[in-house]
Amino acid sequence: MFTDRRANSLPKRRRRQPWPSGRTFKILSLDGGGIKGIYTAELLRHCEEQLARGQPLARYFDMIAGASTGGIIALGLGLGISTSDITSFYRDDGRKIFPALPTGRWGKFWQTVGWAQQPKLAHEELEKALKDRFVDHTLGEAGPRMVVPAFMMPKTEIAVFKTDHHEDFRNDHRTPMWRVARSTSAAPTYLKGHEHEESGRIFIDGGVWANNPAMVALVDALTAYDLTPDQIEMLSIGTGNAPFSLSRSGVLAGLWAWKEIIKAAMFLTTDNATAQVKLLLGPERCLRIEPQGDNATVEMDDYDDAFRRLPALAGRDFSELRGDIERFFIDEVLPRERHYT
């Protein structure tokens, strides 16, 4: 599971594997967002049932990337788990992972006090749910190429879990899937980081630096294969990216005013990743779908609000954008390389 990523960085450019000149490389990229992942899961359920003719979605994408809650969904898809089972994960296990928020003034006060001292949510519930769903499967068992970002502490270092679709990717394929899912979804302040006892490292939510993993996936594709940007098509699904702002006085103030800076950082990285992908591929080759307006303001731990708004919204968005989405489900993809599995 753990490797010293910087020490193992290549001293030269990666050897690019051949790719048919006339064949499209299709990427599915899934954002983080906690319980808001129900939007992504529901949207993909409509795709599977109505466009993929009930076949596993992984058959239609050469690469699947996911960060945080999107990483959990991506791993499930990679293993061939049906989207109906993934939605049940959010509906059933999600209620245990994200308990009802306090409504009274004192309840909110004591939650805030407790949150200042320890993570807001119980990581044990998430770990149990992931172990139950992924059992003893490893990352290398995934059908498509997988790209799942995480973050390591206390020595700060990014990590990207990958299948062995290139000869340089020698280690991650042996990692249990539940550990990859736990590592990428350990959102700071919400969940305890995932400890790797042998190395002393702690894995933190990949959304800290790549909540929208679209660019991470695109860079991997372009460096691992002899591709041009014109050969790549990307379906990028978000969970709602409401703009974050501070008042002028808050910007000029101290630590307390900036206590939610993580939200600002995640907004900027999410927005910037989409912009960069569209610059490289052209906007016509990147279809971005996410909740807009008031529906983008659902909090990542608010189970009740998420289920009140997002499943129905996913159905409406699918219906409106079906004509654009259909192109990703015309042809199935070829099997990926397996260098070590």
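The contact, meaning heavy atoms within 4.5 Å, involves Gly 37, Ile 38, Ala 41, Glu 42, Leu 44, Arg 45 and Glu 48 of helix 1 and Thr 83, Ser 84, Ile 86, Thr 87, Tyr 90 and Arg 91 of helix 3.

I noted that this is a predicted model, in which local features need pLDDT of at least 70 and side-chain atom pairs pLDDT 80 or more, while totals for chains, interfaces and linings use all residues. Residues are numbered from 1 along each chain as its sequence is written, and side-chain values use heavy atoms, without hydrogens and water.

I then read the geometry: helix 1 (residues 37–50) and helix 3 (residues 83–97) pack at about 160°, with axes 9 Å apart; the axes are lines fitted to C-alpha atoms over the stretch in contact, and angles run from 0 to 180 degrees between N-to-C directions. The two helices are therefore roughly antiparallel (over 145 degrees). Helices are DSSP runs of H or I of at least four residues, and strands are E runs of at least two, numbered from the N terminus.

I checked helix 6 (residues 177–184) and found seven of its eight residues buried (under 20% relative accessible area, 1.4 Å probe, protein chains only). Among them are Met 177, Trp 178 and Arg 182.

I looked up Arg 53, whose phi is positive, near 55°. Arg 53 sits in the loop between helix 1 and strand 2 (63–66), and is exposed at 55% relative accessible area (the cut-off is over 50%).

How values were computed. Angles under 35 degrees count as roughly parallel, over 145 as roughly antiparallel, 65 to 115 as roughly perpendicular and the rest as oblique.
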